[in-house]
Amino acid sequence: MRRDVLGIYLNDHLAGSTAGLRLARHLAEHHRSSPYGGELSRVADEITEDRQALLDVMNALDIPVRRHKVYAGRLAEKARLLKLNGRVTRRSGLSTMIELETLRLGIEGKSLLWRTLLSLTPHRDLDEAQLKGLLDRAREQADTVEAVRRHAAVAAFR
């Protein structure tokens with residue numbers, strides 16, 4: 001198995017995880033007093049744990065963290081602020097909806113990561129039960145974010 005290719009793959013997911021975590025924290029903070037604040041806060045906390053799980057997998061596989069990719073993930077998350085939402089000085093419902101859709105896409109990508117790592121368990125010393133748990137949790141996160149996104153869509157286009 002090509003360790004260099006696996007390293008690139010995992011570091012790319014780490015960059016995405018960095019961006020996703022920052023976005024999840026932003027959404028949780030922005031909506032903390034809404035009916036969805038608790039759910040979004042839970043998802044953000046779980047994404048923090050998932051990112052650490054990825055770092056633990058990388059460490060177990062002796063894959064070094066490429067800091068420039070982590071910084072690229074941070075910059076990518078900041079780039080969302082450049083998205084025009086129909087308003088110049090304040091947020092719109094469209095901002096929330098786009099952020100939730102972006103977070104949902106990130107969670108789907110994370111699901112694919114866990115599935116890929118599960119397929120490698122026969123060839124690597126990876127914890128299959130842990131990876132299955134992470135995959136199940138990603139599915140639950142996607143369902144939670146999708147429910148909030150549907151409500152945001154109704155509010156945005158109402």
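**Entry 1: the whole chain.** I began with contacts, meaning heavy atoms within 4.5 Å. Of the contacts in the protein chain with a separation of 6 or more, 78% join residues 24 or more positions apart. I noted that this is a predicted model, where local features need pLDDT of at least 70 and side-chain atom pairs count only at pLDDT 80 or more, while totals for chains, interfaces and linings use all residues. Residues are numbered from 1 along each chain as its sequence is written, and side-chain values use heavy atoms, with hydrogens and water left out.

Next I looked up the elements. The protein chain has five helices and zero strands. Helices (H or I, at least four residues) and strands (E, at least two) are DSSP runs, numbered from the N terminus. Along the sequence I read α-α-α-α-α.

I then checked burial. Buried means under 20% relative accessible area, exposed over 50%, and partly exposed in between (1.4 Å probe, protein chains only). Of the 158 residues in the protein chain, 43% are buried.

**Entry 2: the core.** A nonpolar core is a set of buried Ala, Val, Leu, Ile, Met, Phe, Trp, Tyr and Cys residues joined through side-chain atoms within 4.5 Å. The largest one here has 35 residues, and L10, L103, W114 and L117 have the most contacts inside it. Two or more core residues come from each of α1 (3-30), α2 (37-60), α4 (93-120) and α5 (128-157). I followed L117. Setting aside neighbours within four places in sequence, L117 touches L10, V57, L126 and L131.

**Entry 3: α1 against α2.** How do I describe two packed helices? I use the angle between their axes and the distance between the axes. Axes are lines fitted to C-alpha atoms, for helices over the stretch in contact, and angles run from 0 to 180 degrees between N-to-C directions. The axes of α1 and α2 come within 9 Å and cross at roughly 160°. α1 and α2 are therefore roughly antiparallel, a label for angles over 145 degrees. Residues of α1 in this contact include L10, L14 and L21, and those of α2 include L40, I47 and L54.

**Entry 4: two single residues.** Is T144 buried or exposed? T144 is buried, at a relative accessible area of 10%. T144 lies in helix α5. Beyond neighbours within four places in sequence, T144 contacts E39, R42 and V43.

D62 sits in the loop between α2 and α3 (67-79). D62 counts as exposed, at 57% relative accessibility. Phi of D62 is near 60°, a positive value in a residue other than glycine. Most residues other than glycine have a negative phi.

Conventions
Parallel < 35°, antiparallel > 145°, perpendicular 65-115°, else oblique.
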